[in-house]
Amino acid sequence: MNDNSLPPCPLCHCTKLSTFPYFSSHAGRIDTVRCSECLCEASTAAWKQRKPAPPAAWLLVEALRAEEGHSITLFCDNPDFNMGPDSAVEACGDYTNWSDRRFEGDNLTAALMAAYLAKTGGAVSPEIAEALKRESAHG
Ligand SMILES: [Zn+2]
């Protein structure tokens with residue numbers, strides 16, 4: 001078995017992978033890959049199909065510009081300015097009455113999340129919830 005052909009873990013980008021056979025009572029032997037960092041696992045065939053998931057920030061950007069006329073502006077981070085949050089975005093859409101509204105957070109994802117929650121009224125899509133969970137688990 002050639003382990004070198006396996007792509008790194010799509011969740012944590014770890015390349016320390018172990019492979020082992022898993023014996024299923026239904027399917028018999030399944031060659032399985034496990035990531036030694038986040039302990040996710042998949043069959044060797046499925047592992048090779050896995051794609052890196054987009055970061056939460058990007059999913060939020062896509063959600064905030066998905067509708068016609070909506071826009072989102074990302075500002076430069078401001079880590080030296082200790083009087084306020086590090087990151088800010090400006091959003092415009094029907095939920096801001098079509099005027100630029102500023103949202104802030106401790107990082108870009110948090111600022112985008114504030115705008116996203118204003119847009120959705122507090123709802124979070126499963127895809128974004130999953131990405132946020134993944135990123136908090138992996139630092
Ligand atoms: Zn991993």
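The model is a predicted one, in which local features need pLDDT of at least 70 and side-chain atom pairs count only at pLDDT 80 or more, while totals for chains, interfaces and linings use all residues. Residues are numbered from 1 along each chain as its sequence is written, and side-chain values use heavy atoms, with hydrogens and water left out.

The ideal angle for four tetrahedral donors is 109.5 degrees. Cys 9 and Cys 12 are both buried. Buried means under 20% relative accessible area, exposed over 50%, and partly exposed in between, with a 1.4 Å probe and protein chains only.

Strands come next. Helices (H or I, at least four residues) and strands (E, at least two) are DSSP runs, numbered from the N terminus. Two strands pair if DSSP finds at least two bridges between them. Strand E1 (residues 17-24) runs antiparallel to strand E2 (residues 28-35), and 8 bridges join them. The hairpin from E1 to E2 passes through 3 residues. Ser 24 has Gly 28 in E2 as its bridge partner. E2 also pairs with strand E3 (residues 41-43), in the antiparallel sense and over 3 bridges. Here Arg 34 stands opposite Glu 41 in E3. E2 and E3 form a hairpin with 5 residues between them. Leu 39, in that turn, has a positive phi of about 65 degrees.

An open sheet is formed by 3 strands in the order E4-E5-E6, with antiparallel pairing. Strand E4 (71-74) and strand E6 (101-105) each have a single partner strand, so one side of each edge strand is left without a neighbour in the sheet. On average, neighbouring strands of this sheet are turned by 25 degrees against each other, direction ignored. Axes are lines fitted to C-alpha atoms, for helices over the stretch in contact, and angles run from 0 to 180 degrees between N-to-C directions. Strand E5 (residues 87-92) pairs with E6 in the antiparallel sense over 5 bridges. Glu 90 stands opposite Arg 102 in E6. Helix H3 (residues 108-120) lies across E4, E5 and E6 and runs at about 135 degrees to E6.

Ser 87 belongs to strand E5. Ser 87 has a relative accessible area of 2%, so this residue is buried. Its side chain makes a polar contact with the side chain of Asp 77, at 2.8 Å. A polar contact is a pair of N or O atoms within 3.5 Å; within protein, one must be able to donate a hydrogen and the other to accept it, and residues adjacent in sequence count only if both atoms are side-chain atoms. A polar atom of the Ser 87 side chain also lies 3.2 Å from the backbone nitrogen of Leu 108. Contact in general means heavy atoms within 4.5 Å. Not counting residues up to four places away in sequence, Ser 87 touches several residues, among them Phe 103, Asn 107 and Ala 111.

The loop between H2 and E4 holds His 70. The relative accessibility of His 70 is 9%, so His 70 counts as buried. The side chains of His 70 and Asp 94 make a polar contact at 3.3 Å. Beyond neighbours within four places in sequence, the contacts of His 70 include Leu 64, Cys 92, Trp 98 and Lys 119. Glu 68 has its place in the loop between H2 and E4. Glu 68 is exposed, with a relative accessible area of 78%. Glu 68 and Asp 94 are 26 residues apart in sequence, and their C-alpha atoms are 9.9 Å apart in space.

Helix H2 (residues 56-64) contains Ala 63. Ala 63 is partly exposed, at 21% relative accessibility. Leaving aside neighbours within four places in sequence, Ala 63 contacts Tyr 116, Lys 119 and Ile 128. The C-alpha atoms of Ala 63 and Ser 125 are separated by 9.5 Å, with the two residues 62 apart along the chain.
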